[in-house]
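Biologist: I would like to learn how to read a fold, from the whole chain down to a single residue. Can you take me through one case?

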Amino acid sequence: MATFTLTFPKAFESFTYIPIINEQNETVCVLQKVDRSTVGKVINAVMLVAAQQSLPHHYETRTTLGAPLFQVQSTLLTKGVSHQLVMPDGTTLPIQRKTVQLLESSYSFTMDGLVFRFEKDFTSTAYLYCNDEKIASASNIETELVRTGIAFKLFDSDDTLFVALLATLYQTLFLLNK
């Protein structure tokens, strides 16, 4: 099992570039917040006033050299928010949302003929499945009731692409938007 960590910046520091570190304390990729367009900012402000809810921010992971890895984009539709995964080559994959339990959600998408599912359990640990096999997890790192970061665990691999995918999904779909 390989473990990777992301540590949140301290108060008032920028949240635009956060390194994801492996067990050897090396940066393997970075998580970045993508600013909303002007139209997105206006729509978000209207939603905050009218419905007291916000559009999810876009997050992306990049290599240490700055090349794009993954991004989750969210679009407001009449029936709710739609998500799609932007791949490193720029292609997009639709992410299907399904309600499980009363308020919890499960997200799934197909990549290269493999079915991926991403969901969070009652302990707030999120799991990434590939063809119904659990391959990775993401959970908060907390000290004295303060969330200080995220731990990512890959169960049978140390492929940094899975870490980048997991970080992007967790940050956009589960962490800051709830």
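Modeller: We start with the chain and end with one threonine. Keep in mind that this is a predicted model.

Biologist: How many helices and strands does the chain have?

Modeller: Count elements, then read their order. Here there are 2 helices and 12 strands. Along the sequence they run β-β-β-α-β-β-β-β-β-β-β-β-β-α.

Biologist: What share of the residues count as buried?

Modeller: Of 178 residues, 40% count as buried. The accessible surface comes to about 10300 Å², and 54% of that belongs to carbon and sulfur atoms.

Biologist: Which residues touch the most other members of the largest nonpolar core?

Modeller: That core holds 40 residues, and the answer is Ile-20, Leu-85, Phe-109, Phe-118, Leu-128, Phe-152 and Leu-169. Helix α2 (residues 160-175) supplies its largest share, 9 residues. Take Leu-128: beyond its sequence neighbours within four places, its contacts include Phe-116, Phe-118, Ile-135, Leu-165 and Leu-169.

Biologist: Now the threonine. Where is Thr-61 found?

Modeller: Thr-61 lies in strand β4 (residues 58-62).

Biologist: Is Thr-61 buried or exposed?

Modeller: Compare the relative accessible area with the cut-off: buried means under 20%. Thr-61 has 0%, so Thr-61 is buried.

Biologist: With which side chain does the side chain of Thr-61 make a polar contact?

Modeller: With that of Thr-168, at 3.0 Å. Leaving aside neighbours within four places in sequence, Thr-61 also contacts residues including Ile-20, Val-30, Leu-31, Phe-70, Ala-164 and Ala-167.

Terms used: Residues are numbered from 1 along each chain as its sequence is written. This is a predicted model: local features need pLDDT of at least 70, side-chain atom pairs count only at pLDDT 80 or more; totals for chains, interfaces and linings use all residues. Side-chain values use heavy atoms; hydrogens and water are left out. Helices (H or I, at least four residues) and strands (E, at least two) are DSSP runs, numbered from the N terminus. Buried means under 20% relative accessible area, exposed over 50%, partly exposed in between (1.4 Å probe, protein chains only). A polar contact is a pair of N or O atoms within 3.5 Å; within protein, one must be able to donate a hydrogen and the other to accept it, and residues adjacent in sequence count only if both atoms are side-chain atoms. Contact means heavy atoms within 4.5 Å. Accessible areas come from the Shrake-Rupley method with a 1.4 Å probe; for residues, only the protein chains shown count as cover. A nonpolar core is a set of buried Ala, Val, Leu, Ile, Met, Phe, Trp, Tyr and Cys residues joined through side-chain atoms within 4.5 Å.
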